[in-house]
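Hi,

Here is the structure I promised to pass on. Have a look at it first, and then read my notes below.

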Amino acid sequence: MSKAELNSFILGMIGTNCYLLTNKDTKETIIIDPADDARSISSFIELHDLKPAAILLTHGHADHIMAVNDLRDRYSLYVYVHQKERELLGDVKLNCSTLLLGRPMTVKPDVLLRDDQILDLAGFSIKVIYTPGHTIGGCCYYIEDEKMLFSGDTLFQSSVGRTDFPTGSYRQIIDSVKMLLNTLPEDVVVYPGHMGKTTIGFEKKCNPFI
């Protein structure tokens, strides 16, 4: 039986998905891509007596990180991101904060991840899958036991992430998406950084970029 409860929020001017992945048994929750509006996220956490355990970033673009610093300070959390995304998070030109928000924003990560690393957080075993293309250090988070993939801006329903921002690569993102579709089970549900959820099986059959 699944122990995961997932709540999602569409936040910020670009409509970015923020997820709270909660262990129903312990109430521990993982915040994935806190895009904006730390007050609303905190209000939900406190209304439901959740226990924040970590912040996971799929990548470092400004529209995915606007609430990171506030939430980290409020709950004394570690921020996790792939090791190749560290420079982008700290550079306002690379993370597009001035371009997208009209103001500079940076985040200093606490834990730098590597490909295939397994995280034990909130009672979940979470595999880090390195998926460059949208950014140089983009990654996905795969929870095999729950058949869940948090894909950030790598894989969308019937689409892939854009590659015209700094450190992006069309060749890399296509390779990354093909790798996901060729290695993960078809019944895995994909939770992307924008728009609605999909499945690996649907994308194998219907994604026009593959």
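Let me start with the aromatics: there are four aromatic pairs in the structure, where Phe, Tyr and Trp rings (for Trp, the six-membered one) pair if their centres lie within 6.5 Å. One of them is Tyr 19 with Tyr 191, which counts as edge-to-face because the planes sit at 75°, with ring centres 5.8 Å apart (planes over 60 degrees apart are edge-to-face, under 30 stacked, and the rest tilted). This pair joins distant parts of the chain, as Tyr 19 is in strand β2 (residues 16-23) and Tyr 191 in strand β13 (residues 189-192), 172 residues apart. Strands here are DSSP E runs of at least two residues, helices are H or I runs of at least four, and both are numbered from the N terminus. Both tyrosines are buried, Tyr 19 at 6% relative accessibility and Tyr 191 at 14% (buried is under 20% relative accessible area, exposed over 50%, partly exposed in between, with a 1.4 Å probe and protein chains only). Ring pairs also bring in Phe 150, giving a cluster of Tyr 19, Phe 150 and Tyr 191.

Before going on, a word on the model: it is predicted, so local features need pLDDT of at least 70 and side-chain atom pairs 80 or more, while totals for chains, interfaces and linings use all residues. Residues are numbered from 1 along each chain as its sequence is written, and side-chain values use heavy atoms, without hydrogens or water.

Next, the cysteines. Cys 96 is buried at 2%, whereas Cys 206 is partly exposed at 39%.

Leaving out residues up to four places away in sequence, Leu 181 touches Leu 155, Ile 200, Glu 203, Lys 204 and Ile 210 (contact means heavy atoms within 4.5 Å).

Cheers
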